[in-house]
Every structure is written in structure tokens, then in C-alpha cells.
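Dear colleague,

I am passing on to you the structure shown below, together with an account of what was found in it. Please read the notes alongside the sequence and the coordinates.

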Amino acid sequence: MVDLQQRPRARPDATSGERLNRRGSLEPREPGRPRRSLVVALVLACATLMTLDHVNDGAAVDPLRRLAGEVYGPAESGMDTVVGPVLAVPHWLRSHRDLAAEVDALQSDNDRLRSQLASSDYDRNRLQEYDDLTATAESLGYALVPARVVAIGPAQSFSRTVTIDAGSRAGLVPDQTVVNGDGLVGRVLRTTATTATVLLVADADSTVGGRVGKSMKVGFLHGRGDLGQDARLDLELVDQSYVPAQGETVVTWGSQDGAPYVSGVPVGTVESVYSSLRETTQRAVITPFVDFSALDVVGVVVPSGTDSDRGVIEVDGSVR
């Protein structure tokens, strides 16, 4: 018989992946589980390093730190140099797209602001013209139908006419006075339901009764056919012995029943006076207040209370 107590114990094989348990038998080692001795060694090493780090302010482990820095510092720097640009590519792409979108948005805002700036001058000027028209109604004492100039060109036998966007529905009829915030524009020649043709006082065939403001001398104003800065009117006074002074204001004389011209509308100022000894006449050159080449908002003189398809500026400046 074999003595079991003397039978040699089986020794664990380090290469077999088995270990000896407390009961003295072999049991398989769990795959991937570290050896207990290795864990104990690592714990002791950590404890040792922590102890040395707290002793004398870590002077004992400083050489190790410097050694690690000398070894891993250049490697980390080189790795960052190589990998940094690659890692920055997605960020660069996102930044490029964001910048492109931001540029597009700024360009859109810039275009919108340019448009607003361009239209703001136009709106400001038009608002000023309406304000001037209201002041004109109050100063002249006549109700006005506001209208806009929509066309310019010859009509009938006249060459200097404009078309306005108000007609018989607005209460307009032929032979009504047309003004703007600066002074006399002309008179209504004919109307349709929605438009009217206005003869400008600058037309060569236009004749308007004028009165020199200071002396009250009367005469007849004739246009020369010029527009813009070169536009001039000629005034022939009934009293040829009177010489108007330079800068005197000329206003409309006024027609019977206010047609075609009401009285007291500013026309222009005396620029110069010429005499003809042979014809024993004098001619005063008048610079008109109105710039006929930049007409926009005008007002047509109508009786107060006129039925109109639009607001009428009354004598007191209110809009009815």
C-alpha cells in the first residue's frame, strides 16, 4: 500500500496557469487576473513613492521627476508638433465655414444698410416736401391737393409740361394753380380721371401776371423754355419808367376768380434789368424759386372743401 502522507505533494506549475489554494489543491488561475505578488509590489511601490514625496518636500523623488521630464518632455513636444496640425484640421474646417457664413451675413447686412441709407435720403426729402407744402397752404391761404410728378415732356402745343398723378377724381379741373414748397410751378392744362397735365411757367409760351413785391408794380412774366439752373423768366412791367431793384421778390398778380393763377404765389427774384432805348422798354430777368428739373411733390390749389379721392391740405395745415 502506498502511504498517502508520504506521497509527494504536487507542486504548482508556474507555466500551467494553476495556483495552490489553502486546502492544498491546485485550482486554475482566472485568465487576465494579475498575480497577487505583483499587486502587492505595486502597492508597496506607490506607498514608498508617496512617503518619499512627503518627506523633505519631495526632494528624494525630484531626480526621478527630472529624469521623467527629460525623457517624456521632448517626446511630448514632438508628438504635439506632429499631431497638432492633424487634430486642428476639423477645427479649421469648422472655423472656415463659420467665417464664410459670417462674411455672407455681414455682406447681407451691408447691402441692407446701403439700401436703407440710399432710400433714407429720398424719404427724408419727400417728407420735407410734404412739410413745405403744408406750410405753403398756410402761408398762401389756399387748400391744396398733393400730387406727385410722374412724367415730363411736351404736351399739346407746349414743350415744358409735366404729368401729375392726380386728376378729376382728386377734384382737379383745368386752369388751376400748381405750386410746391418753393413757389409757383405752373397751371393745369387738362385732366383725366387719375392724371393731369401741368404747363410749367418756364415754357416759352407761358405768360403769367406778376407783381413786384415792394412797389406792387405789375407786369407779365414770360418763360424762356430752359429748366434747371439756367431757367430764367422775363418780366415786362406795365410802367416802363419803373426800374425794379436787384433781389426784389416777384409774386403772381392773380387772375379773376383765381384761374388760372391765384395771387400772392412767390415766383422768383429780380436778377438784373435791361433797357432798350430804341423800343423804350425795360426787361427784368427773374430767377425762379422753383427748380423745374427736380420737381416731385406739388400741390394744386383747390377750393376748400373740394371732394377728392385723397387727403386735401386745408388752409390751417390740417389734412382732410
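**Overall picture**

The chain exposes about 20,300 Å², and carbon and sulfur atoms supply 55% of that area. Please bear in mind that this is a predicted model. Of the 320 residues in the chain, 29% are buried. The secondary structure comprises 2 helices and 14 strands. Among contacts with a separation of 6 or more, 55% are between residues 24 or more positions apart.

**The nonpolar core**

The largest nonpolar core contains 50 residues. Those with the most contacts inside this core are I164, L172, L221, L235, I286, F292 and L295. For L172, leaving aside residues up to four places away in sequence, the residues touched are V145, I164, A166, G167, T191, A196, V300 and V302.

Strand β8 covers residues 207-212, and its side chains alternate.

Two strands are joined to β8, as follows.

- Strand β9 (residues 218-223) runs antiparallel to β8 and is joined to it by 5 bridges. The bridge partner of T207 in β9 is H222. The hairpin of β8 and β9 has 5 residues between the strands, and M216 in this hairpin takes a positive phi near 65 degrees.
- Strand β11 (residues 249-252) also runs antiparallel to β8, with 3 bridges joining the two. Here R211 stands opposite V251.

**A nonpolar patch on the surface**

Which residues form a nonpolar patch on the surface? They are L49, L52, L64, L67, V71 and Y72, with about 600 Å² of accessible area together. The elements giving two or more residues to this patch are α1 (36-54) and α2 (62-140). The largest share, 4 residues, comes from α2, the helix in which V71 lies.

**Salt bridges**

Side chains of opposite charge can pair when their charged atoms come close. With a limit of 4 Å between a side-chain nitrogen of Lys or Arg and a carboxyl oxygen of Asp or Glu, the count comes to 11 salt bridges. The following are among them.

R310 forms a salt bridge with D165, and the closest N and O atoms are 3.7 Å apart. R310 lies in the segment after β14 (297-302) and D165 in the loop between β4 (158-164) and β5 (177-179), so the pair ties together parts that are 145 residues apart in sequence. R310 is partly exposed, with a relative accessible area of 26%, and D165 also counts as partly exposed, at 25%.

R232 and E271 meet through their side chains in a salt bridge, at 2.8 Å from N to O. This pair links distant parts of the chain, since R232 is in the loop between β9 and β10 (233-237) and E271 is in strand β12 (residues 266-276), 39 residues apart. E271 counts as partly exposed, at 33% relative accessibility.

E314 and R320 form a salt bridge whose closest N and O atoms are 2.7 Å apart. Is E314 buried or exposed? E314 is buried, with a relative accessible area of 9%, whereas R320 is partly exposed at 43%.

Finally, R126, R148 and D296 are linked in a network of salt bridges.

With kind regards

Definitions and conventions
Residues are numbered from 1 along each chain as its sequence is written. This is a predicted model: local features need pLDDT of at least 70, side-chain atom pairs count only at pLDDT 80 or more; totals for chains, interfaces and linings use all residues. Side-chain values use heavy atoms; hydrogens and water are left out. A nonpolar core is a set of buried Ala, Val, Leu, Ile, Met, Phe, Trp, Tyr and Cys residues joined through side-chain atoms within 4.5 Å. Buried means under 20% relative accessible area, exposed over 50%, partly exposed in between (1.4 Å probe, protein chains only). Contact means heavy atoms within 4.5 Å. Two strands pair if DSSP finds at least two bridges between them. Accessible areas come from the Shrake-Rupley method with a 1.4 Å probe; for residues, only the protein chains shown count as cover. Patches are made of residues with over 30% relative accessible area and no salt bridge: like charges are joined within 9 Å, nonpolar side chains (Val, Leu, Ile, Met, Phe, Trp, Tyr) within 5 Å.
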